[in-house]
Amino acid sequence: MRALRDLARPTAARPAPAPRRGRYLPLLMNQRVGLTLVIIALVVVFSSLRPAFLDTRLTIAPLLADITVYIVVGLAQLAVLSLGHMNVAVGRMAALSTFAMGFAYSQWDVPLIVGLLIGLAVGAAIGALSGGIIAVTGVNSFVVTLALDFGLLGLVTILYTRFAGGVAFSARPAGLSALRNDTFANYCLGDVCGPRIPLVLPIAVIAAIAVGVLFRHARVGREMLMSGSNMRAAELSGIPTRRRVVQAHALSGLLAALAGFLLAANNGAFSAAIGEQFLLPSFLAPVLGGTLLAGGAVSVLGTVLGATASQVIYKGLNLLQFSLENLKIYIGLVLLVALSLDRVRTVLVQRRQDREAAK
Amino acid sequence: GCTKKSDSDPAASAAKTADKVKVALVPGGAHPYFQPWKTTAGKAKTDFKLGDATFDETAGWDQTKQNDVLKSLAAQGFNAFGIFGVSPDNINSTFEDLKRQGYPVASLASCPAGENKADFCLSTDVEVAAYKAAKATIDAMGGTGNLVHLTGNKVDSNTQRRIKGVEKAVAETSGKVVLIENVTDIDKDLQTAKKAVADLLAAKGKQIQGIVNTAYNPSVASAEGVKQSGLPIKVVAIDDDKTILDAIRDGSISGTVLQNPVGQSYVGSYALMKLSTGCTMKTSGVIVDSGSFVVTKTGLDSYEAQRTAKTEELRKQFDAEYLSCK
Amino acid sequence: MISSPTTRPDTPTKRELRGANELTLGALALVGFFALAVATDFNLLTAGTMDAFLRFLAVPIVIGLAQMAVLAVGQMNLSVGALTGFCAMASAGLMVDTGLPAPVAVLAALAIGTAAGLVNGLLVVGTRINGFIVTLATMTIFEGLRYGINGTGTYQDYSPALVRIGHASVLGIPLVFLVALAVAGGVAVFFRRSVPGRHMLASGGNPFAAHLSGISNNRSIVLGHALSGLLAGVAAVMIVADLGSVNASVGDDLLLPSFAAPIIGGVALTGGVISVWGTVLASFLVRLVEVTQAQFNINRRFIDLVIGAVVLGAVLLGRARHKISGGDQ
Amino acid sequence: MTSLLTATGLTKTFPGVRALDRANLTIAAGRVHALLGENGAGKSTLIKILTGVYRPDGGQILVDGREVHLHSPEKARRAGIGVVHQERNLIGAFSVAENICLEQLPRRRGLVDRGRITAEARRCLGLLDLDLDPSTPVSRLSPAQAQLVEIAKALAADSKVLLLDEPTASLTSDEADRLYNVVRKLRDAGHGIVLVTHKLEEVFAVADQLTVLRDGRSVVESSLLGAYSHDDVVNEMVGREHNQVALATRRVIPPGKPALAVTRVSTAAGHRDITLHVQPGEILGLYGLVGAGRTELARTLLGLGRITEGTVVVDGATADIRDVGDALRRYRIGYVTENRKEEGVFLEQTIARNVAVTVWSKLARWGLVRDRAEHSIVTEYTQRLNIKLSSAEQLAGQLSGGNQQKVSLAKWLAADCKVLIIDEPTVGIDIRSKGAFHQLIGDLADSGVAVLLISSDLPEVVALADRIAVMRDFRIAGEVVNTREYTPMSRAIIRLIHGTGMAA
Ligand SMILES: Nc1ncnc2c1ncn2[C@@H]1O[C@H](COP(=O)(O)OP(=O)(O)OP(=O)(O)O)[C@@H](O)[C@H]1O
Ligand SMILES: Nc1ncnc2c1ncn2[C@@H]1O[C@H](COP(=O)(O)OP(=O)(O)OP(=O)(O)O)[C@@H](O)[C@H]1O
Ligand SMILES: O[C@@H]1[C@@H](O)[C@@H](O)CO[C@H]1O
Ligand SMILES: [Mg+2]
Ligand SMILES: [Mg+2]
């Protein structure tokens, strides 16, 4: 009904924004290349300042495990950024889902994979709920997920107090510690062992490929992007926009749950604190990777690179053993520089194009 | 067929000389309580002729970040760890990781929930400390009246122990003192604590005779709040931040319960050094109380000596009772 | 057809709606307040309780307005909380460590806030990075700076005179609260009557049209952030004066409420539509929830649940009313 | 005759397109200057350069004989150039008065002077004989009113030069007439006015001078209009002899089973007793004045509004359409919207995605869209509609207005519907494309599609429709069989509109 009113009032329409430049290929291509260069440069700087940066066991493997988590966290945000929405409850959705996993493991003794599936279902459901509220009421996603965040904040702690008697479940399903501790180097076929890559990393890779295929090739993903570009036009082109909104948010919840699981695996316990630190990195990874907050365009590879860059920054600064204030200040500054570099690159590309066009 | 190989670094676990021992003291995040650890790290380094000793508070009250910090420190060559775990519920996983890699680990200033998987835990017995604090408050109240307990994160196992300690002291008055409320979750920041205290005093100020604190920000907040309101409420705080000592001096609070952060970090470093140089724990995971002290206006000048004595005693205790060295 | 230009009569204007929104919030606040007063046997109306009620309402109001100032131009400021804490620590540090007189320290807090806001704004227009992201990065920086001033230590006893002013009351009403109201009045006049204020709202409402009208959107954005920073500075001064002691934790609990107040108050996240008094009333409502919790000894965790419900409820209510009245959004 | 503004050698390049190529324009005082060209010829670009929105890559602009550099809209305004852009540009939440004065808000003691704003707004509205309360928020205005407010706003700056980019595209002919009275008044007062429009009748009714752009070049430069006939102008625009292709005579369809039948339908939007039916291969014109309720009827039929009474039958079976997707996939009904910028085109997506959006569900296997199949569909329809693009990966927002319109039609052609509702297909479309559009719509019907054509363009309806239904105030005022003789048909229709006609 509301949609109709919107549609029926040409007078209330906002004029379309001036077309943004530098939005699509091949710039996007360059952006990823630029980010890759930033990552390489950071690795070179950090490892020359601290050779320990290249220690595979103490630095690289844990770094990869962290990157794993934050790729999925970034993808969880990316799922709704495709619509031009935000999910400021990503962290709390992860917390609720990991609660469900911990509950399943400790109360029902389910195997690792079953608990994971239960948690993913809970994540998808809570995401769908928030998507549903947004779709039906038309209230801004920031507001809905902010309210949800407040709500879940209360709920999750109440649930943990009630069912876990504290902040964490003590259950550790079989296989969890292998996920946490092992790399492929622990698994050998005769004398040949795998690389020192944490067992969890492939999970993020699979998630990234799946999300990439979704937005690149699948009808559902493309329709989410179209809805993100112009919700009204999408509706009038026969796209079931409400369903897409619900699905995108459900996907966000599902990925948040997966991220929660990965973090629980990395930390070794299903606890209430899972997800508390997800919000900012969830935006950082996609944005560093070139996804705009406006919706309609996403970059999965960029998100992977963005998560990598931010974790490399974090790890490197950690190794440099800055004091707390310097650590924070440098993280902020490095981020600003990394983000601005992209702007510089865009300007340069634009200039070159202008010059070529003028010829 | 497919086989599984386990990870370990034999170099890390081999006995070494003290000058090869590098101790890292890692609190859960920035908190005034841990500030003495910074100086103790330096002192331990010279006293025990350690290769190095550092203090790193960048964990930001986040278990993941703390794990990252620990791994980075290990990569930097630190090989013995004194840790205040952010999350008592899953810090054991971190302890086990470090131990598997051959590093001695001490749980300092708090013990994990349940069993302790670190080599030892040197911490205040928080239940005892809270009990003492409550008793001190009840004494200040004249043994009768209504008491309120202000504390930290409700779902922290230490908070639960503190509540238990306070309840025990109240129970001993056989009804003369009533615990009207445990106010939890107000240690996050100073403003929240002040607001909570103001609201509490507004709602029930006239019924309250005593406030016992077992967390930092509420201590600062209630000292000021009570002074401002002019209500005749007796306050007992926790720890020895300058703010609190000044408040004891000017009489706006009755006293404070001190813990022993210096002892924890100093003796902790000592034991870590011993464990690195070939000693073992007689009982792995033993829990040691680092002591707690009630300080009132009269004791302001003497408590430091008391604490130093306790620290010295703790060190001897470790040599005599807990460590087994060849 | 044009000679009798009848505007469609059944559609209320944005301003009417805003008025209606403020009215609803006002009624809600009033009803809630008296319900609580009755439920507490009128303890709520005693001087001490009223004082605590209003005193701790001052900072949320100003912080809500600080967020509103950037929402007006279609931006967000994630750094408000950290910045407030930084300003508070800086001004306390200037008094304690440097021995500067209180008025200088107060001015310094305002200047630092404004300058930091300016930096936020300049970064946004200079790098064209989304303000959400920029202020996310600067938030981290301000947190570092806030901590750098005095580590984990607490400042107190900086200026008895300042703290006396902070604790002062006029006719039983805390001075800080009156100052917050005055600030709100100033902000209202700024957005309603000043040229930069109007330009900011034009930029927020329709940047392209504003640009074509010769309005510099960049300037609007920079101004919005600077104003937000200034208000964060004002909040910092209130905290320093009123709390009597400050440490690096100050500001940690301000970010989410800074959004809750304007959103409940009816401010559009998309920019161009603000409501000063809606924001003030929303802060009042949130404070009411807190005080209720204290009066009835309710689990603090429920506050979050309730505030979540209030945020969503207020917005849905606005929607519903809008729909019934045939509004256009 | 004094020249107010002279632009010479203006050049502007966008990535992949040279929008302007050494174009010239001279604007004289007291003259109405028509700026014509096909879609994408560069008209709007020229206007945007003259108003400081774009910077030219080359060329010179003289105002009153002095060279100016119009680096911002502000500078252009100071140089005395006022503009009404093709897109609406008002602040919805602000009052009419404030919008009018926005460029230079009068102030007193540092604060905005409300009194002077209102007075100034009254003065400007007065110039247009517009009796409108200055305190009304713009979000409440009808499109026509908003259009006039924009003109008032352009006048507020005392502009000597007034540039109007397709000002009548969304106006009724009455409203357009009023607008042109204002234009004449301004011309008589010595303003120089540039008028961009695709409606040549309007040009001949008000313009004195003429510039024609073709592919960014000015092929006719500031010539007197008197020397040109209608056909000459079209030939110049098209660049060759343009023959108005006569539409193929349409087969007469014997009455049969309707593809879409609407019987005694009332809607929540206020329609009463609407009865319409279209057969496969037939074009039903739905004529009416702007605001008669045609668009809203179409949307209600597509499930975007509520039907309170009556039945809708599609292909013989009673239909319950939930939304556009349902209409598309279950009932094979398509809807080409009237409002392309906001509802028809995804400006920030590629042309390929814009065209293919309706066919993904058909092309998908296991939920994945096959690129090759998509590519061939996109190529087919962009070529069939002759969309002027540099590549299918170009963003739709970079196309000229007319080409955007074609994109919004292309997706519905690609969708292969049985019933197609087309709402105002040629608003803002140049004459050649309009011909092509008409041909296309005819072909569509010939291929068996049932077309419901909503249009406020009477010649268009008479040229295309087999039957014409006339809507007035949310009711069907009557229906006539189209004899394709313009004069009698228009009489019959106007009678129905004014309530004096008889239902056929
Ligand atoms: N911002 C832009 N980016 C890229 N190309 C553009 C941009 N604006 C216009 N163009 C291109 O420049 C050419 C001229 O466009 P312009 O809008 O000036 O045409 P027009 O004559 O106004 O057409 P219409 O009659 O359809 O409005 C077109 O090919 C268009 O695609
Ligand atoms: N130009 C306008 N002037 C006034 N009201 C309008 C105008 N356009 C639309 N409306 C409003 O929208 C409602 C429905 O109009 P609708 O768009 O369905 O009519 P329409 O016949 O399709 O006209 P249009 O050709 O503008 O689409 C009308 O009741 C009217 O109030
Ligand atoms: O007193 C407590 C310590 O025991 C430790 O928990 C750190 O926080 C302090 O407030
Ligand atoms: Mg144009
Ligand atoms: Mg219409």
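Author: Chain B has an accessible surface of about 11,700 Å², and carbon and sulfur atoms supply 52% of that area. Such areas come from the Shrake-Rupley method with a 1.4 Å probe, and for residues only the protein chains shown count as cover. The model is a predicted one, in which local features need pLDDT of at least 70 and side-chain atom pairs count only at pLDDT 80 or more, while totals for chains, interfaces and linings use all residues. Residues are numbered from 1 along each chain as its sequence is written, chains are lettered from A and ligands numbered from 1 in the order in which they are written, and side-chain values use heavy atoms, with hydrogens and water left out.

Under that surface, 63% of the 326 residues of chain B count as buried. Buried means under 20% relative accessible area, exposed means over 50%, and partly exposed lies in between (1.4 Å probe, protein chains only). The secondary structure of chain B consists of 11 helices and 15 strands. Both are DSSP runs numbered from the N terminus: helices are H or I with at least four residues, strands are E with at least two.

As for overall dimensions, the C-alpha atoms of chain B fill a box of roughly 70 × 45 × 35 Å along the principal axes. Among contacts in chain B with a separation of 6 or more, 74% are between residues 24 or more positions apart; a contact means heavy atoms within 4.5 Å.

The charges of chain B number 39 positive and 38 negative, and their mean positions are 2 Å apart. Lys and Arg count as positive and Asp and Glu as negative, with His and the chain ends not counted. Each charge is placed at NZ of Lys, CZ of Arg, CG of Asp or CD of Glu.

One residue of chain B can be followed in detail. B:G165 is part of helix α6, which covers residues 157–171 of chain B. With a relative accessible area of 0%, B:G165 is buried. Leaving aside residues up to four places away in sequence, B:G165 touches B:E127, B:A130 and B:Y131. From B:G165 to B:I83 the C-alpha distance is 24 Å, at a sequence separation of 82 residues.

Chain B and chain D are not joined by any contact; their closest C-alpha atoms lie 36 Å apart.

Chain A has 14 helices and 2 strands. Of its 359 residues, 63% are buried. The accessible surface of chain A is about 12,500 Å², with 65% belonging to carbon and sulfur atoms. Of the contacts in chain A between residues at least 6 apart in sequence, 72% join residues at least 24 apart.

Chain C has 14 helices and 4 strands, and 63% of its 329 residues are buried. The radius of gyration of chain C is 20 Å, in agreement with the value near 20 Å for a compact globule of 329 residues. Its C-alpha trace spans about 70 × 55 × 35 Å along the principal axes. Carbon and sulfur atoms account for 69% of an accessible surface of about 11,100 Å² in chain C. Chain C carries 18 positive and 14 negative side chains, and the centres of these two sets lie 12 Å apart.

That leaves the rings. Over all chains, the structure holds 31 aromatic pairs. One of them joins A:F322 and A:Y330, a stacked pair with 4.7 Å centre to centre and 25° between the planes. Rings of Phe, Tyr and Trp (its six-membered ring) pair if their centres lie within 6.5 Å; planes under 30 degrees apart count as stacked, over 60 as edge-to-face and the rest as tilted. A:F322 is partly exposed at 24% relative accessibility, and A:Y330 is partly exposed at 37%.

In chain C, the rings of C:F86 and C:F142 are also stacked, because their planes are at 10°, with the centres 6.2 Å apart. C:F86 belongs to helix α4 (residues 80–96) and C:F142 to helix α6 (residues 131–150) of chain C, so this pair ties together parts that are 56 residues apart in sequence. C:F86 is buried at 13% relative accessible area, and C:F142 is buried at 7%.

Back in chain A, ring pairs link A:F99, A:F103, A:W108, A:Y160, A:F163 and A:F169 into a cluster.

Terms used: Rg over C-alpha atoms; globule rule 2.2 N^0.38 Å.
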